[in-house]
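The sequence and model come before my notes.

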Amino acid sequence: MKYATLLVLALALGGCFGGGEKKEEYNKSAQQWYDTIERSIARGDLESADKQFLSLRSEHMDSALLPTVMLALAQAHMAEEEYLLADYYLDEYLKRYGGGVQGDYARFLKLKASFLGIHDINKDQKLVADTLNKCQSYLRSHGGSRYAPLVRTMVVRLQMAQYLLDKDIARLYERLGKEKAAKIYRQKSEKFHYKPDEVTDPEGGFLSSLNPFD
């Protein structure tokens with residue numbers, strides 16, 4: 001997964017895109033790069049913003065503007081459902097500026113990106129389980145965070161998704177005549193914390209019914 005992330009990032013940030021020739025930009029002040037990136041984000045040109053970020057970081061490695069730009073780019077990519085790139089910026093942010101209130105916000109954004117990356121609980125079973133584990137781990141270590149209530153809501157939604165998934169798998173095994181396997185998944189669903197009638201099967205996809213950020 002690490003190498004896949006780097007490959008996608010290289011393709012997204014590299015200079016191998018088509019289009020007309022653009023004037024090369026370099027040797028700007030940190031504030032000039034920041035303003036340029038801000039304009040690129042505002043007009044939805046994240047490809048240019050990503051490249052400009054690399055220039056800002058190369059020319060001004062210790063700029064106080066870098067953390068702000070990283071979070072802005074992470075949120076911009078999330079808005080475009082480019083969760084892998086968002087995760088890259090958040091990881092880079094946490095490596096360099098992991099402490100304080102903004103570090104807590106970045107950790108929350110990573111959970112949000114992971115959650116929003118779930119589109120189909122049947123196809124994204126591992127992502128559901130991994131995101132649930134990460135959310136529960138966050139609450140154990142950051143239970144007093146201002147973002148904890150939202151993360152708890154995410155946990156409930158993910159537990160509901162896991163419950164629906166276990167029920168579907170049990171029914172599938174029953175149809176296939178594999179009673180032993182069906183029993184395992186029925187027992188897993190019986191451990192669900194909420195009453196079954198509190199959960200409605202989502203009709204328009206997982207996020208349409210269970211997204212806590214709507």
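I worked from a predicted model, in which local features need pLDDT of at least 70, side-chain atom pairs count only at pLDDT 80 or more, and totals for chains, interfaces and linings use all residues. Residues are numbered from 1 along each chain as its sequence is written, and side-chain values use heavy atoms, with hydrogens and water left out.

**Whole chain.** I found 10 helices and zero strands; helices (H or I, at least four residues) and strands (E, at least two) are DSSP runs numbered from the N terminus. Of the 214 residues, 39% count as buried, meaning under 20% relative accessible area with a 1.4 Å probe, protein chains only, while exposed means over 50% and partly exposed lies in between.

**Helix α7.** I listed Val128, Thr131, Leu132, Cys135 and Tyr138 as the buried residues of α7. They cover an arc of only 125 degrees around the axis, so they lie on the same side of α7; the arc is that of the directions from the helix axis to the C-beta atoms. On the other side of α7, I noted Lys126, Arg140 and Ser141 as exposed.

**Cover.** I recorded α6 (100-116) and α8 (148-175) among what covers the buried residues of α7, where contact means heavy atoms within 4.5 Å.
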